[in-house]
Amino acid sequence: MRQDLREKIKTDWVFCDGGMGTILQAKGLKGGELPETWNLLRPQDILDLHCSYLNAGATIFNTNTFGANRLKYPDNLEEIVVAAVDLAKKARIQCGREENAYIALDIGPTGKLLEPLGDLPFDRAVELFAEVVRIGAREGADLVLIETMSDSYEAKAAVLAAKENCDLPVLITTIYDEKGKLLTGGTVASTVTMLEGLGVDALGVNCGLGPKQMMPIIRELTEIATVPVIVNPNAGLPRNENGATVFDVGPEEFATYMEQIASMGVHILGGCCGTTPEHIAATIAKVKDKKPVVLSNPHVCRISSYCEALEIGKHPLIIGERINPTGKKVFKQALRDQNFEYILSEGLRQEESGAHILDVNVGLPEIDEPAMMEEVVTRLQSITSLPLQIDTTDIEALERGLRYYNGKALINSVNGKQESMDAVFPLVQKYGGVVIALALDEDGIPSTSEGRIAVAKKIYAEAAKYGIPAEDIVVDGLAMTISSDTDSANVTLDTIRRIRDELHGHSILGVSNISFGLPHREIINSFFFAMAMQNGLSLAIINPGNEPMMRAYYAYMALSNQDPQCNAFIERYAAVPADTVTAVYAPGATSTATSSNKELSLIGSIEKGMQESAIAAVQKELEKRDPLAIINEDMIPALDTVGKGFEKGSVFLPQLLMSAEAAKAAFEVIKDAMKDTKQESKGKVILATVKGDIHDIGKNIVKVLLDNYGFDVIDLGKDVPPEVIVDTAIDQQVEVVGLSALMTTTVVSMEETIRLLKEKKPGTKTVVGGAVMTQEYADSIGADCYAKDAMATVKYANSILCPDSL
Amino acid sequence: METTFPYEIPDREIYRYLGYRNALPDEAVLQKIALCKERLIKDVSPKAIWQYYDITWQDDTTLLLEGIPVRSQNLSRNIADCHRICLLAVTLGPAPDRYIQKAEVTAMSDAVIYQAISAAMIEAYCYHINGLIRKEAEEEGYFLRPRFSPGYGDFPLEFQRNIGDLLQMAKNIGITLTDSLLMMPSKSVTAIIGLSKTNSECKEAGCEVCNKSATCAFRRI
């Protein structure tokens with residue numbers, strides 16, 4: 001009977017096999033030929049390969065399924081995987097290793113990039129992996145080994161697929177470059193944080209580098225990993241010799257490095273490209289009689305984004321609270337309108353202001369919160385490197401947020417009620433996460449710190465049943481307004497202090513709750529914030545755009561010796577002129593729009609593309625003039641001047657857009673002033689980058705300008721199927737549709753969209769643009785207008801929707 | 001300054017991609033360009049892979065590469081008389097795409113600037129890699145023909161898949177293909193370079209071989 005692998009990998013030597021692809025190439029596999037076809041075409045060669053590694057002493061050996069997925073084998077995937085496992089089983093019997101060798105179902109990357117950067121949907125990636133896992137597990141694999149993953153998101157998809165479709169141990173190795181980064185930017189710490197959260201049984205590194213170049217990566221892995229580490233290097237760096245790829249590190253040299261790696265705390269050792277049975281045998285000979293060095297790293301509270309890990313508890317950290325509709329009319333409307341641009345820009349603004357984590361709360365009764373959570377999380381994580389906090393009371397929305405999150409999230413929240421813990425902890429167990437625990441339960445909010453600590457202990461104990469370590473729980477000490485109970489700040493601060501001193505745990509507060517009902521709340525808030533940090537607060541949910549709060553933070557960090565040489569404080573405040581140290585933090589105030597320009601007129605500001613001076617000017621104008629007059633007499637003429645300049649070639653694209661941005665900023669101010677008057681739109685225009693095309697910069701340029709000229713733009717995004725465009729045009733009665741395509745391969749979708757529009761909604765005007773477009777091309781696919789640049793689209797939309805304005 | 005990109009980026013190219021033909025950007029735009037450039041230079045991860053292959057000719061317009069027939073008049077003209085080629089793939093990694101996406105939310109003017117700078121950067125990087133290949137080729141007594149990419153003229157874009165397989169592009173340097181054969185990261189280039197024993201004078205490929213060059217606002221003068 002084979003020993004339970006999950007137990008064995010904790011303390012014992014485990015040897016993986018070495019290179020497979022490189023050996024098959026040596027046996028005659030051609031460049032571009034799919035290696036897995038040999039399971040059917042040349043089974044004896046695969047069998048021999050397995051036997052050579054088993055005879056060299058490998059404990060874990062891989063099925064020949066690295067690239068086996070439905071994308072590469074649309075017709076015979078099942079046959080390929082069944083044959084692969086079968087060959088592995090045969091080899092094990094043949095070599096007499098039934099008792100002590102484990103068959104790893106080998107899973108490599110799909111070769112596609114996941115959405116939103118690429119075009120493979122996350123769910124599709126999970127399904128591609130799941131299919132292989134189901135077949136492999138059914139056929140008798142002993143473990144799943146996911147390897148050579150260069151994108152954390154794809155790695156997550158593979159791990160979920162394995163966990164959801166079998167009970168086998170899941171081991172995973174990723175491929176780092178010489179800077180210690182995944183190809184999509186992940187670091188060792190961010191990758192380990194996410195994968196440990198997902199509950200893998202061991203993790204590590206393979207391919208890309210030789211053992212020598214891997215050393216810094218291995219050092220970092222062994223310093224933070226709390227599960228066993230796997231190291232499968234190449235036989236050095238690949239080198240080109242007469243057109244063939246060769247690896248230079250021979251078995252003895254390789255083994256010497258591996259011996260050193262073992263001494264760093266790695267006892268799962270093998271090889272990758274260029275390594276041979278001799279490399280593995282030499283490695284085994286070097287280490288097998290030694291006692292494995294077993295890591296005993298403490299579990300540290302960490303969350304991660306796709307590219308960075310953040311330790312909680314080391315220094316106080318700021319969670320930006322602004323992505324939240326509570327009490328915000330505009331935000332609520334943005335959720336209803338699916339105005340993602342607004343929601344995302346709230347996130348980016350907070351990042352700019354100094355937030356370390358972004359809270360994401362998109363709950364509104366009348367919307368589909370789970371779908372919205374998925375959408376906002378996936379969009380936000382592709383443009384910010386900050387870790388996210390999934391904030392919802394809707395368990396389905398929580399699961400969607402966690403599933404699609406590219407990292408280990410902060411979860412807001414669980415509480416001491418059994419019902420809450422029963423719902424939330426299984427999700428934390430499955431997806432990983434650091435969870436915020438509100439110190440309240442069925443009996444309500446305890447009025448004393450004893451009571452709150454008792455609830456915290458109860459939550460820790462319940463979490464432990466799910467294998468969730470105490471370090472992954474952050475206790476909310478519950479800030480409640482002093483306006484109704486003047487002792488409440490004392491209770492909260494005492495709770496925070498006791499979480500640190502007695503529970504050795506981490507704490508969090510929604511800081512501003514302390515001042516409900518009081519005037520000038522930030523005075524109370526900022527002082528309370530400093531007091532809370534002094535009492536050990538780990539995380540603060542605040543508005544990072546609120547300068548008094550940020551001052552409290554930077555001052556506290558400097559005063560408590562957590563800001564070396566006061567660098568962060570100086571960097572933030574040194575350049576801020578004394579008279580602008582006000583309630584508004586304006587880091588760009590001195591650099592972008594220099595003070596000498598502040599006197600510029602609205603027209604001048606727009607023409608020169610200066611946002612801040614445009615805002616200042618329009619505010620001044622609003623004091624004395626009618627909003628509509630400002631639009632018609634100043635803004636439109638200014639935009640026209642710039643637009644005409646662009647057409648003539650005296651104004652260039654960046655200026656055109658900067659002017660548009662300045663005008664947009666001014667419009668926002670005017671809109672605010674005209675809240676009660678109904679605003680006129682020139683008409684609706686649909687914009688879409690057609691199916692198959694994922695570059696939408698051109699479309700987005702057009703959008704900015706159409707917005708500016710008062711059109712109501714329905715932006716359908718990129719990779720939009722023809723049916724969606726047509727259905728939207730019909731539903732919303734849109735007369736003008738703008739389509740963008742970059743490549744000849746995607747103009748086909750453009751043509752299809754136009755054809756479908758003519759059939760289903762005759763009379764709709766189409767305007768097309770994009771890199772490969774020409775007038776002739778546009779004519780040939782039946783478009784009504786070819787727009788050579790963004791202004792051309794504006795002109796066309798004007799000519800159709802408001803011919804009088806010309 | 002921290003840099004992952006020690007190659008010369010010609011400012012003129014950046015301006016050209018932004019639509020400035022003979023004009024120079026004003027101070028505000030120059031400032032933006034400098035800032036965006038600084039960020040990109042810090043964050044891109046340029047990677048390249050290339051491999052040499054012997055080819056045979058089936059007829060005047062069809063070559064055979066590792067058993068794969070490639071039919072293209074334009075390519076054939078470009079590498080006429082060559083019996084050896086270099087397949088090349090280079091990328092700046094995902095950083096430019098991330099910056100562009102982010103700027104599309106905050107300021108489109110930054111987005112087009114990131115776009116232009118990273119376009120100039122991938123060109124500059126190609127030029128650098130091209131130089132390394134030239135050196136290797138010269139040591140073997142070969143001269144290089146200009147780079148020629150799938151999608152130029154009648155060279156089928158479908159050949160991207162073959163390049164992807166032959167160079168193991170996704171695994172080695174992270175270039176993936178969408179179903180519609182776009183490369184992601186978008187700031188990536190693949191190409192065939194012909195190796196010839198004869199030195200034929202020819203210009204760098206680019207605008208000269210593009211069938212849109214007559215109408216293109218961004219063409220080199």
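Colleague: How many bridges join strand β16 of chain A to strand β17 of chain A?

Modeller: This is a predicted model, in which local features need pLDDT of at least 70, side-chain atom pairs count only at pLDDT 80 or more, and totals for chains, interfaces and linings use all residues. Residues are numbered from 1 along each chain as its sequence is written, while chains are lettered from A and ligands numbered from 1 in the order in which they are written. Strands (E, at least two residues) and helices (H or I, at least four) are DSSP runs numbered from the N terminus, and two strands pair if DSSP finds at least two bridges between them. Strands β16(A), residues 410–415, and β17(A), residues 434–438, run parallel, and the number of bridges joining them is five.

Colleague: Which residue in β17(A) is the bridge partner of Ile411(A)?

Modeller: Both strands belong to a closed barrel of eight strands with parallel pairing, β13-β14-β15-β16-β17-β18-β19-β20 of chain A. The twist there averages 30 degrees from one strand to the next. Within β17(A), the partner of Ile411(A) is Val435(A).

Colleague: What is the direction of α16(A) relative to that of β16(A)?

Modeller: Angles run from 0 to 180 degrees between N-to-C directions, with axes fitted to C-alpha atoms, for helices over the stretch in contact. Helix α16(A) packs on the sheet and touches β16 and β17 of chain A; its direction makes with that of β16(A) an angle of about 155 degrees.

Colleague: Which element of chain B gives the most to the side that touches chain A?

Modeller: In the interface, 47 residues of chain B are in contact with 43 residues of chain A. Elements that each supply at least two residues of the chain B side include α2 (27–43), β1 (47–59) and α5 (108–139). With eight residues, the element that gives the most is α4(B).

Definitions and conventions. Contact = placed C-beta atoms within 7 Å.
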